[in-house]
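Here's a quick briefing to get you started.

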Amino acid sequence: MVWNLLNGRTILPVLAAVVALMLALPAWAQTTGKLRVQVVDTDDLEIPGVTLILEGETMIGGAKTRTTDAMGRFLFGDLAPGSYRLEASKDGLGDAIISDIKIDVGRETQLTVTMSIGEEIIVTAKREAVDVSSTSRTQVLTKEFLQKIPAGRSYQTAVTFAAGVQEGVGGNPNMGGAYNENTYMLDGINITDPVTGTFSMNFNFDAIQQIEVLLGGYMPEYGTSVGGVVNIVTESGTNNLEYNTSIYYNNGNMRPRKDERVTSDGFTLAPTGFDSEFQTILIGAKISGPIVRDKAWFIISYQSTRSIIASTGIPQARDFDGHYMLAKLTVQPTTEHRFALLLRSDPTNIDNQEQFNPFIKAEAQDRQVQGGYTASAKWQWFLSPEVNLDSNISLQKTYIETSSVPCTHNRDRDWHQCKAGEMEGDIDWENSPRLGLGGAYNSVNSFRYYFDDRIRYTLSSKLSVLSVDDFLGGTHDFKFGVEGVQLVWDQIQGISGNAYYYDINEAAFDPQTFTNYYWLETSGPINFRITSSQYNMFAQDSWKPVSNLTLNYGMRFDSFVIRNDLAEPVLSGGLLGPRLFGSWDPFKDQKTKVATGFGRFNDTGRLGVANYTSSSGYGQKLYFGELLEGQGPSSVFVNSQQDVYFNIPKDNLNIAHDNLRNPRVDEIILILEREVIEDVALFSQMSGKFSRFMFEPDETSLIYDEDGSAIIGSRRSDVINSYGRLRTPVLAKRDYYQWDLGVRKVQSRRWAATATYTYTNATGSSQQALSGSFLNDPQTQYNYGQLNIDRRHSFKSLAIWDLPTDPWTQSLSLTFVYYDGFPVDRYYYSEASQGYTLRIRPRGTYYRFNPYWFVSIGFRQSIDVRKGKFILSLDAQNLTNNRSPDLLSSTFINSQNRLLTVSRQDPLRLQFGVAYEF
Amino acid sequence: MREHTSIALLALAGACLSGCAYDEGLIIENLKGTIKIPIEAATRTIIDEEGNATELTDPRLIGPVYLGLYPSVAEANVLERYPHPELGPQYQTDVPGDAYPYGGISVGDIRFACLEFLTCKVVSGRYADWNSLVEWFQLIQQPILDNQGVEISDGEYLRQTCYDLLNVTSDAETRITAYEDRNGDGETNELDLDFVLDDAGEYYVGDFTLWQQEFFWDQDQENCTPGLDCKGFTLWGWMDAPSSLSFKYSTCEDGLGQNIEVYDADFIGGRPQADLLNFPSIYIDDGDWVVGNPYQWDNIDARPELILDFEVQ
């Protein structure tokens, strides 16, 4: 029936649109779900011609009326996540009404409606324990789940509760790979930081409708990610005017006030006199509703985040002041067209951000301004109930601006102007800064600046053609997409005067007794612009040759070029990413799934990779001198070692290998699931991910001794300068295996729960596909071994229980998480690098962190009032745990191969909240 | 339909296999071979405090062996007195040309043995255990002194000093003594050092590996496969023998290297010179042994046997 539409007046504009989009540029990712309806009679015979009326609170445009085909089927596509009601009717048969049908993002809900003669059937749908048509390793976090679990109102923390997701770095989880290999999507827009590969923006937690967490086995429409995908869908509003305001206070200062600085091997350092501190207050508001019923909806959301966080031993707390705004307008003027406009921004000020160094004076701490904005416009053209064309244009920008706290009222200087009434500070603007140990005394007259902008332009389109019958009796759901992306990374950073003066005798630093210095002169500010252009397309099909078999297959093509600051193409190519997955329901009862398949995921590189060969280097000249008297370089220093001691040219000496290719990950999955009792399923998900040709920088000029740590010659007759080369050698690889074994109880009878055991094993020579994590110098033995993402055993469980105490609703939640730690590489002194580095030794075997676990509980009390309700909440995060120092709260001292804890190891955090909504 | 399905599956399989045949374009191999050092190179006359002379033949006298891959090596001449890598052009007045090595490695490293007394005197792969190291310096009439000037007679003390100073927990991490059972006889001893006396008692024999060596070839030859039908680079090397008085190695710079600053010590640990392979003549002196017959590498799979048979006098 679909093909019948593609003729005459219809096919021309469709083709024109497709061609135009092919010529244009792309992020897709699903933001909706599907409902596959099968209508049968009491003898399980299909009933054609049944009128289906679907309505849902989150579905704009009003109820949809459709008719089942000759096989008694109909597939509703493009359904916003939420709860739906379906009414089936046909002359001679009693109506069937099914309510509370749950639609989740990225999922296909299957519903069998049974009708009988003269009998009206009214039932409540149950959420399926096993999604028999999905072939990906995925889990959807619903709004109910997000609101009830004690996750500190952080979507990054909430994601770590999904099965198979491991704690990562800086709020970025490991999802089948390294922490910076994931893709973050917001309403279909890629919001991943194009430089670091981490999440890049914040928004009101209450605005989230659902989060789809994918660890692997996903289809081409989800983009070029080689790790996992965090697909966030925000609310769009409803026909009801809704308002929500809340305040949450989170305090992590419950434990005794004196933290000690301890090391991983139990060594206790002297108390610092300064305890760590953690306090956060979140104030949010959200209003949504109709502008025109069924035609135009809006949502406006705001959250203020203020946190005071101090690392152990740092007297001056980091003051974080963020304002997160999100607004969305959805308009559906006709049944054929829908438009959505999304605006988002998260400006943030951070004072005293330098929490790593206790010696930096409070007034010398940097001030950072960061944030960004997103603007997106989406057009959906529904050509028929089965065919729709989604087009999207978006702009995303993030920025970081850092400058020293002492400001200036001098308007001739274009950086860090003082606010009205703000003290200028004790700055000697005419002279260059002096630095002691770790910048200890940069308050004297230090000044540096750093501006960083990252921009992503995206134009994309996706054509969905659902329910295409084939002559074998099966059905196909096709999707085709094209996308163009332009990435830009601008950065400028430097120091005033372009020179630093260092105290040679740093260990005994005393600003009153300056004697000897070395003087480091730079060539000027670093100023570069890295760009990338990408043209991507995909085609995929979800093919059901028979009712109990789903074949999800497709192909993704990524054409791209990344240019360095000289506009030289560093990396380019056209990559094919085939996917072939299948899911089988052997007993045709929608209670069992056997899924397996293969997928290739290509890495088109981050902008940071291209920057390796940029020539906006930080050229340096080193002078030795003795401080005599006076001010200024000319009178202060007398060179004692004949002018320049060493000279690093400004131009970058790094090159890219001629035959760079892209890293890629091949994944094989095997998923077994079975609903063993009603609403309870056992699952086993096995995955092998094999990363090859990962980016590695090597040093081309130096020749090393047997140990690989000292230089004994140079291939360029130049033993001072280092000539790096970006490569993708065959030896740069990573093998990652993960097995998740668990039990899942879907939400029913007021409670839900999951428990998952995860085994991982990660070995290889590189930690990450997107950056050179290990120097692979030629003429040294290649390093291979256990990688830091290898967290062998972990276990996590959570449960949510709504207490039956109507009319008030109470809910309890409980989480338990266990990790058995992960390895740390052994560092050795390297004469070549004048410090402690990884070179030829087997890696990852020196130290493995002790296991750690923690328990958190949450409590919600809903109190109905005349208009709306109040919700009181109390969370106790890390209520009890044995967490040992780890990389999340520590600094690794390479020279000693031990960890120094710089924040509290096991902070109990209590969070109190009050929300009001109507 | 069946035909189309087959084509699609073949296309998918082809796409999946793409990349398996990826060739980076660099010929990089681990080049391996054997070094033979005549026992004369490990023989020295030691005079004790009473003036008695003793002739010692001991593998602990074998210094670091430096191997370089060069475009070519010249015969011995008056200037150099021994076969020597040919130098490139001299660009500046009074600045000698460079031998321009393509690559290289050492067999045995100059190791920082955790005491200032031992700076530039210890080479890896020469001592079976820590007591062997202590006994050796007693044998050559230079007992080891700690940083307070106290003589050390216990190898375990020296080991613990290294463990504390370097933050290590095993001999394998210090790589100063034998630390692995290389010959597979179930024991870790003097037979697991870099050089072992051959059955005839004429040579100390050891293996070398040039890790991940990029393969270069004669630039004048065209349309050939380097290492197969092109002449490759030339392997040449020498052994730095310890000085007769201080037993330090001339290839080591004792004013550079790891800076040790702890409560009872403040010194520099020493390091090998960074241009040993570029300017070998600066560091080769009397008593060192060099390769008399360099090996021209024309086959990647070759396993050459290199003999240090030329004593510099």
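Asp666(A) and Arg600(A) are both buried. They make a handy starting point for this model, which is a predicted one.

**The starting pair**

- Asp666(A) and Arg600(A) form a salt bridge, with 2.8 Å between the closest N and O atoms.
- Asp666(A) sits in strand 36 (residues 664-677) of chain A and Arg600(A) in strand 32 (residues 592-602) of chain A, so this bridge ties together parts that lie 66 residues apart in sequence.

- Search the whole structure, over all chains, and you get 59 salt bridges.
- Some bridges share partners: Lys34(A), Arg36(A), Glu108(A), Asp477(A) and Lys544(A) are joined into one network that way.

**A link between distant parts of the chain**

- Asp740(A) pairs up with Arg137(A) in a salt bridge, and their closest N and O atoms are 3.7 Å apart.
- This pair links distant parts of the chain, 603 residues apart: Asp740(A) belongs to strand 42 (residues 734-748) of chain A, and Arg137(A) to strand 9 (residues 137-142) of chain A.
- Buried or exposed? Asp740(A) and Arg137(A) are both buried.

- Lys397(A) and Asp453(A) form another salt bridge, the closest N and O atoms being 3.7 Å apart.
- Because Lys397(A) is in strand 23 (residues 387-404) of chain A and Asp453(A) is in strand 25 (residues 448-469) of chain A, the bridge ties together parts 56 residues apart in sequence.
- Why does Lys397(A) count as buried? Its relative accessibility is 19%, and buried means under 20%.
- Asp453(A), on the other hand, has a relative accessible area of 22%, so this residue is partly exposed.

- Pro385(A) counts as partly exposed, because its relative accessibility is 41%.
- Setting aside neighbours within four places in sequence, Pro385(A) is in contact with Arg66(A) and Phe74(A).
- Pro385(A) and Glu336(A) are 49 residues apart in sequence, and their C-alpha atoms are 9.3 Å apart in space.

How values were computed. Residues are numbered from 1 along each chain as its sequence is written. Chains are lettered from A and ligands numbered from 1 in the order in which they are written. This is a predicted model: local features need pLDDT of at least 70, side-chain atom pairs count only at pLDDT 80 or more; totals for chains, interfaces and linings use all residues. Side-chain values use heavy atoms; hydrogens and water are left out. A salt bridge is a side-chain nitrogen of Lys or Arg within 4 Å of a carboxyl oxygen of Asp or Glu. Helices (H or I, at least four residues) and strands (E, at least two) are DSSP runs, numbered from the N terminus. Buried means under 20% relative accessible area, exposed over 50%, partly exposed in between (1.4 Å probe, protein chains only). Contact means heavy atoms within 4.5 Å.
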